[in-house]
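Please look through the model below together with the following notes.

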Amino acid sequence: MVYPISKQILKLIKAVFVKQTRGLNNLPKKGPFILAVNHASYLDPALVYAVVINKLNKKVHSISAKYLFEKKIWDLIYRVWWESIPLNGAVEKAIRYLRNDEIVCVFPEGGRSATGKIGKPVGSGVAVMALKSGEPVVKVYIKGSFDVLTKHKKLPNFEKVIEIRIGKPLKFEKVELNKKAIGSVVKKVMSAIKKLAD
């Protein structure tokens, strides 16, 4: 069973905050893939997990900031229950999950947006994973999570709602890594996420 302890909590979070999910059929029914998602709230990983569990009943391994694993309770949640990937050495670990027919989630902006708007990408992990694995990148835009729970608040605003938009997979050929290829993939992925925001 996927996430036996937290599965019902994830479903509850989705039921409370998510008004609509568009593009569910764009999630590949078989095989591994990479989820590339905008990041504006602590809720974002849980929302992505909930959507994928409900549709595919498969785990999602998200790349998460190192500090999230520093306290024992959060390390238990992220590393043990959710099998998240700590940032250090994350790309190679993520590729191993992909080769094991699993799903990896990355937030190309790195941290949460301070304004709610999509920021610039930090690093090139999504491109390296796509180019080395050859697996598709599914872009996702979460609209409204910043209004529900901003970076600067501890309690959610229950009057606001969230919409999740899932785009068609982007496919990139496996190639030798070089600066031009990596930069091109990052640009295409970020552009695709921004288009979902329109």
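1. The side chains of Ser145 and Asp44 make a polar contact at 2.8 Å. A polar contact is a pair of N or O atoms within 3.5 Å; within protein, one must be able to donate a hydrogen and the other to accept it, and residues adjacent in sequence count only if both atoms are side-chain atoms. The model is a predicted one, in which local features need pLDDT of at least 70 and side-chain atom pairs count only at pLDDT 80 or more, while totals for chains, interfaces and linings use all residues. Residues are numbered from 1 along each chain as its sequence is written, and side-chain values use heavy atoms, with hydrogens and water left out.

2. Ser145 belongs to helix H6, residues 145-148. Helices (H or I, at least four residues) and strands (E, at least two) are DSSP runs, numbered from the N terminus. With a relative accessible area of 0%, Ser145 is buried. Buried means under 20% relative accessible area, exposed means over 50%, and partly exposed is in between (1.4 Å probe, protein chains only). Leaving aside neighbours within four places in sequence, the residues in contact with Ser145 are Ala40, Ser41, Asp44, Leu47 and Ile162; contact means heavy atoms within 4.5 Å.

3. Leu47, one of those contacts of Ser145, is placed in helix H2. Leu47 counts as buried because its relative accessibility is 0%. Not counting residues up to four places away in sequence, Leu47 touches Ile13, Lys14, Val18, Ile142, Ser145, Ile162 and Ile164. Between Leu47 and Pro108 there are 61 residues in sequence and 17 Å in space, C-alpha to C-alpha.

4. How do helices H1 and H2 cross? The axes of H1 (residues 7-17) and H2 (residues 43-56) come within 9 Å and cross at roughly 105°, which means that H1 is roughly perpendicular to H2. Axes are lines fitted to C-alpha atoms, for helices over the stretch in contact, and angles run from 0 to 180 degrees between N-to-C directions. Angles under 35 degrees count as roughly parallel, over 145 as roughly antiparallel, 65 to 115 as roughly perpendicular and the rest as oblique.

5. In this contact, Lys7, Leu10, Ile13, Lys14 and Phe17 of H1 meet Leu43, Ala46, Leu47, Tyr49, Ala50, Val51 and Ile53 of H2. The residues of the contact of H1 with H2 divide into 10 nonpolar, no polar and two charged. Here Ala, Val, Leu, Ile, Met, Phe, Trp, Tyr, Cys and Pro count as nonpolar, Asp, Glu, Lys and Arg as charged, and the others, Gly among them, as polar.

6. One aromatic pair is found when the whole structure is searched. The ring centres of Phe17 and Phe158 are 5.4 Å apart and the planes are at 20°, so the pair is stacked. Rings of Phe, Tyr and Trp (its six-membered ring) pair if their centres lie within 6.5 Å; planes under 30 degrees apart count as stacked, over 60 as edge-to-face and the rest as tilted. Distant parts of the chain are linked by the pair, since Phe17 is in helix H1 and Phe158 is in the loop between H6 and strand E7 (162-166), 141 residues apart. Phe17 counts as buried at 7% relative accessibility, whereas Phe158 is exposed at 60%.

7. His39 is located in the loop between strand E2 (33-37) and H2. Is His39 buried or exposed? At 10% relative accessibility, His39 counts as buried. A polar atom of the His39 side chain lies 3.5 Å from the backbone oxygen of Ser41. Leaving aside neighbours within four places in sequence, His39 is in contact with residues including Asp44, Phe107, Gly110 and Arg112.

8. Gly116 is in the loop between strand E5 (103-106) and helix H5 (125-133). Its relative accessible area of 22% makes Gly116 partly exposed. The C-alpha atoms of Gly116 and His39 are separated by 8.2 Å, although these residues are 77 residues apart along the chain.

9. Most residues other than glycine have a negative phi. Asn57, in the loop between H2 and strand E3 (60-64), has a positive phi near 55°. Asp101, in the loop between helix H4 (90-99) and E5, has a positive phi of about 70°. Asn57 counts as partly exposed at 40% relative accessibility, and Asp101 counts as partly exposed at 40%.
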